[in-house]
Amino acid sequence: MRLERVVLRRLAMPLVSPFRTSFGVEDTRDVLLVQVEGPEAVGWGECVAMSEPLYTPEYVDGAHAVIRSHLLPRLQQRGDELVADEVATVLSPVKGHQMAKAALETAILDAELRAAGVSMSSRLCGVRDRVGAGVSIGITDTIGELVELVSGYVEAGYLRVKLKVEPGWDVEPVRALREHFGYELPLQVDANASYTLADAAHLSKLDEFDLVMVEQPLRDDDITGHAALARQIRTPICLDESITSVAAALDAIDRGAAAILNVKAGRVGGYLEAKNLHDVCFERGVPVWCGGMLETGVGRAANVALASLPGFSLPGDISASDRYFRRDITEPFTLESGHLAVPQGPGLGITPDLQVIDEVTTLKEEIIWQAT
Ligand code: NPQ
Ligand code: MG
């Protein structure tokens, strides 16, 4: 794939409502968008890092800097022979920075697939033309507000609801949702690592509510703790933040720390590695679902393609564009009977709207590709 230019853009995308989790509240999505251009095609990738390093060590200024100063120079050394399949290998001497690496690999893969006329879903061996949509609900001030919010999403047709929890906001909101919506609604919670093993008895109070899973109750690095917790509660444990690689996933599965995995390409360094993660889980019969990071249409298109793989047996944090943004930077993803359609066009199969992008761009950096 010959490349001539890379454009790094920072966008400020206002969220339709603030999103609160155990680690903070966000009202604007600070997006780093990667555009690669060659004579045959243009490709797009979205970096999912947040503005502050509160969720993962990565954050958007850091991702921007590492792409500019460490990742792009290594790729340019490969000259014109660069292919998406070897991006991860070329970048592997740089430790960590999975979200930055994922954004860059996705842009190159998108350009390559657009030039070849192949969709991302078929490149990843997807088998579905639509994927089940779930919704993630931030922490609200009151239970009344929560019930009202969930009612709207249930009426819209979302197939499952995920509730953000933290110590002090767990059993009572879950009880309220069960009382209001019954036990038919697939319901799960995400703690974003806000509990300790000392909370095991408290977390076991969630058992009676028949949750599909509890996601990341303990610290990212505490696989032993999650295995111990799994022996003390009946609700299946799903890991998110802990799963930074295929090796970490196999470790967590083999040690009984995770019955289900949340797969996020940004967390494991790209969609090709996310496919590998899917494949090992599928082989072992471990259910997976596609996580979300409040992506624009660019990242959402890639997530929908990933979720079309056969092992994604549970609805993901893949919502319609209007769950997060009043106006998306691509054609919006919409809910149809609780599902999103998998783009069938070449590459990501969406068309970024440069006019809309310009309106939300806060910083634009153009880099001439110098194959060295
Ligand atoms: C999770 N996502 O599964 C994440 C965490 C998360 C959809 O619940 C701004 C940008 C705010 C990314 C809040 C969902 C965010 C964010 C939460 C990601 O753990
Ligand atoms: Mg999570």
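The model is predicted, so local features need pLDDT of at least 70 and side-chain atom pairs count only at pLDDT 80 or more, while totals for chains, interfaces and linings use all residues. Residues are numbered from 1 along each chain as its sequence is written, and side-chain values use heavy atoms, with hydrogens and water left out. The structure holds two cavities of 30 Å³ or more; a cavity is a set of points, on a 1 Å grid over the protein atoms alone, where a 1.4 Å probe fits but cannot get out.

**Largest cavity**

- The largest cavity contains about 240 Å³ of space, a volume being the space filled by probe spheres set on the grid points, which are joined across faces, edges and corners.
- Its lining has 21 residues, of which Phe19, Phe23, Gly292, Met293 and Leu294 are the closest to the centre; lining residues have an atom within 4 Å of a point.
- At least two lining residues of the largest cavity come from each of strand E1 (5–21), strand E2 (24–37) and strand E6 (160–164), where strands (E, at least two residues) and helices (H or I, at least four) are DSSP runs numbered from the N terminus.
- E2 gives the most to this lining, with four residues.
- The lining of the largest cavity comprises eight nonpolar, five polar and eight charged residues; Ala, Val, Leu, Ile, Met, Phe, Trp, Tyr, Cys and Pro count as nonpolar, Asp, Glu, Lys and Arg as charged, and the others, Gly among them, as polar.
- The largest cavity lies between domain 1 (5–117 + 352–368) and domain 2 (122–341), because both give residues to its lining; the domain bounds come from an automatic or database domain assignment.

**Second largest cavity**

- The second largest cavity has a volume of about 140 Å³.
- Among its 20 lining residues, Glu46, Val48, Ala265, Gly266 and Tyr271 are the closest to its centre.
- Strand E3 (42–47), helix H3 (98–116), helix H10 (265–268) and helix H12 (297–306) each supply at least two residues of this lining.
- By class, 10 residues of the lining are nonpolar, seven polar and three charged.
- Domain 1 and domain 2 each provide at least three residues of the lining of the second largest cavity.

**Arginine 175**

- Arginine 175 belongs to helix H6 (residues 171–181).
- Arginine 175 has a relative accessible area of 26% and is therefore partly exposed, between buried (under 20%) and exposed (over 50%), with a 1.4 Å probe and protein chains only.
- Apart from neighbours within four places in sequence, arginine 175 contacts Glu208 and Phe209, contact meaning heavy atoms within 4.5 Å.
- Arginine 175 and glycine 24 are 151 residues apart along the chain, and their C-alpha atoms are separated by 24 Å.

Definitions and conventions. Chains are lettered from A and ligands numbered from 1 in the order in which they are written. On a 1 Å grid over the protein atoms alone, a cavity is a set of points where a 1.4 Å probe fits but cannot get out, and a pocket is an open set with protein on both sides within 12 Å along at least five of seven lines; lining residues have an atom within 4 Å of a point.
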